Amino acid sequence: MRKQIWALAISIILFASNRTEAQWTGKDGWVEEPATKSLNVEGDPGHAYLDPASAHRGDDGLIYFNESSNVSRPEEIGKVGFMKDAYDCGKNIKYMCVEVGDWRNDPKSTIDAAHDPALSVYRKYLCGDDSAK
């Protein structure tokens, strides 16, 4: 009897953990950016997602894309922390919150992605390859 109770308890825990993880795997094509850094959130930034369907090359050679950052629940993907960012595939630099202004020369709006765990995600979905330069 005791073994059956333990087996049931372990089964419930495993089922619940797999279901929770599946909720975070993405929504409507959004791709999770692992361990993404956020410029405007202190502490744990929650989850961040990029929209590969929004990625396009600008006249300046940068890849522009939409991102949803500091997402705390799966249903918030694409609604919370929504911003337009840019990525330089040659320099491995991510520019965050691209708007009017001198964001390229503002160190507060750039992240050196060469030292960022999300680099492989950026390169795959934004630059079209899987290599980390």
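Asn92 is found in the loop between S4 and strand S5 (93–95), where strands are DSSP runs of E with at least two residues and helices are runs of H or I with at least four, numbered from the N terminus. The model is predicted: local features need pLDDT of at least 70, side-chain atom pairs count only at pLDDT 80 or more, and totals for chains, interfaces and linings use all residues. Residues are numbered from 1 along each chain as its sequence is written, and side-chain values use heavy atoms, with hydrogens and water left out.

Phi of Asn92 is near 55°, a positive value in a residue other than glycine. Most residues other than glycine have a negative phi. Asn92 has 4% relative accessibility and therefore counts as buried (under 20% relative accessible area; exposed is over 50%, partly exposed in between; 1.4 Å probe, protein chains only). Asn70, in strand S3 (residues 63–71), also has a positive phi, near 55°, but is partly exposed at 32%.

## Aromatic pairs

Two aromatic pairs are found in a search of the whole structure. Rings of Phe, Tyr and Trp (its six-membered ring) pair if their centres lie within 6.5 Å; planes under 30 degrees apart count as stacked, over 60 as edge-to-face and the rest as tilted.

Trp30 and Phe82 have ring centres 6.3 Å apart and planes at 70°, so this pair is edge-to-face. It links distant parts of the chain, 52 residues apart: Trp30 lies in the loop between helix H1 (2–23) and strand S1 (31–32), and Phe82 in strand S4 (residues 82–88). Trp30 is buried at 12% relative accessibility, whereas Phe82 is partly exposed at 45%.

The ring centres of Tyr95 and Trp103 are 5.1 Å apart with planes at 70°, which makes this pair edge-to-face. Both Tyr95 and Trp103 are buried.
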